[in-house]
Amino acid sequence: RKMVLDGTCSFSLGTCFDTESTDFDYITLFREEVVIAIPSFHPLALRCTEIPENPQKSLPQAAPSELSDSPFILMTPGSSVRKISDYIFAQAGFSPTVVFESGNNTVVQNMVRGGSGIGFQPRSLARLSDPDIAYLSLSPRVFLDLCVILKKGTVLNESERYFVYLMMLNDLGDPYYTPDFNEAARSIWNEFHEAEREVTQP
């Protein structure tokens, strides 16, 4: 985001939880669930007897208050998953016991696997076949947005808009993503999707 802000690049791709900003505009494309990863010996892991095959369906659920006695391995401050984590704690009304912070999702996952604590992860990173980790949806479920991030007031040129359209087209088939187009995204979709339909029509 720093490179977007200083003009080094015209936009970046990333995740966001809060799209209200004085510095950036966001083109929201998809949303992905954030789930809680827990060691297989954790008492809440007993709920994970049946794992849904469809990634769009909710995993067994836990209320945030049920997690308050567990130690947490969190993403570093500033990351989208950390912002969601802090929001969850604030809404649930407790301060977590944080045993470690990392900027790497794999590190968080490995520490959960080793039994050091529990942590939040994007659903697409969940390894449901891993015997040492169980995964739960939160109740209510929580999502982050996959976005194009632009400096406030930036207008994308046609080539840049087409690049965004191709990303949208490609990710529509991802089972972990749910379309969540905002007005800017819908405008780009309509601009190029209608044009391609006209070209392919006999």
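**Entry 1: the disulfide.** I began with the cysteines and found a disulfide joining Cys 16 to Cys 147, S to S 2.4 Å. It links distant parts of the chain: Cys 16 sits in strand E1 (residues 11–16) and Cys 147 in strand E8, 131 residues apart. A disulfide here is a pair of cysteine sulfur atoms within 2.5 Å. For my own reminder, a disulfide is a covalent bond between the sulfur atoms of two cysteines. My search of the whole structure gave 1 disulfide.

Before going on, I noted that this is a predicted model, where local features need pLDDT of at least 70, side-chain atom pairs count only at pLDDT 80 or more, and totals for chains, interfaces and linings use all residues. Residues are numbered from 1 along each chain as its sequence is written, and side-chain values use heavy atoms, with hydrogens and water left out.

**Entry 2: cysteines, buried or exposed?** Buried means under 20% relative accessible area, exposed over 50%, and partly exposed in between (1.4 Å probe, protein chains only). Cys 16 is buried at 2%, and Cys 147 is buried at 2%. Cys 9 is in no disulfide, and the nearest cysteine sulfur, that of Cys 147, is 15 Å away. Cys 9 is partly exposed, with 26% relative accessibility. Cys 48 has 18%, so it counts as buried.

**Entry 3: the overall layout.** I counted 5 helices and 9 strands in the protein. Helices (H or I, at least four residues) and strands (E, at least two) are DSSP runs, numbered from the N terminus. Starting at the N terminus, the order of elements is α-β-β-β-β-α-β-α-β-β-β-α-β-α. The C-alpha trace spans about 60 × 45 × 25 Å along its principal axes. Of the 202 residues, 41% are buried. I also checked contacts, meaning heavy atoms within 4.5 Å. Among contacts with a separation of 6 or more, 78% come from residues 24 or more positions apart.

**Entry 4: the cores.** Which residues touch the most other members of the largest nonpolar core? They are Leu 29, Phe 72 and Phe 120, in a core of 50 residues. A nonpolar core is a set of buried Ala, Val, Leu, Ile, Met, Phe, Trp, Tyr and Cys residues joined through side-chain atoms within 4.5 Å.

**Entry 5: Leu 29 and Ala 185.** I left aside neighbours within four places in sequence and listed the contacts of Leu 29, including Leu 146, Val 148, Met 168, Phe 181 and Ala 185. Ala 185 is in helix H5 and is buried, at 0% relative accessibility. From Ala 185 to Glu 196 I count 11 residues in sequence and 17 Å in space, C-alpha to C-alpha.

Entry 6: Gln 109 lies in helix H3. What is its state, buried or exposed? Gln 109 has 9% relative accessibility, so it is buried. Beyond four places in sequence, Gln 109 is in contact with Gln 121, Leu 125, Arg 127, Ile 133 and Tyr 135. Leu 166, in helix H4, is partly exposed at 37%.

Entry 7: I found that the peptide bond from Ser 139 to Pro 140 is cis, with omega near 0 degrees. Most peptide bonds are trans. Pro 140 lies in the loop between E7 and E8.

**Entry 8: the cavity.** How many cavities of 30 Å³ or more are there? The count comes to 1. On a 1 Å grid over the protein atoms alone, a cavity is a set of points where a 1.4 Å probe fits but cannot get out, and lining residues have an atom within 4 Å of a point. Grid points are joined across faces, edges and corners, and a volume is the space filled by probe spheres set on the points. The largest cavity has a volume of about 40 Å³. Its lining includes Glu 32, Glu 33, Arg 123, Arg 141 and Tyr 176. The lining residues divide into 3 nonpolar, 2 polar and 4 charged. Here Ala, Val, Leu, Ile, Met, Phe, Trp, Tyr, Cys and Pro count as nonpolar, Asp, Glu, Lys and Arg as charged, and the others, Gly among them, as polar.

Technical notes: 1 Å grid on protein atoms, 1.4 Å probe; cavity = no way out; pocket = protein on both sides within 12 Å on 5 of 7 lines; lining within 4 Å.
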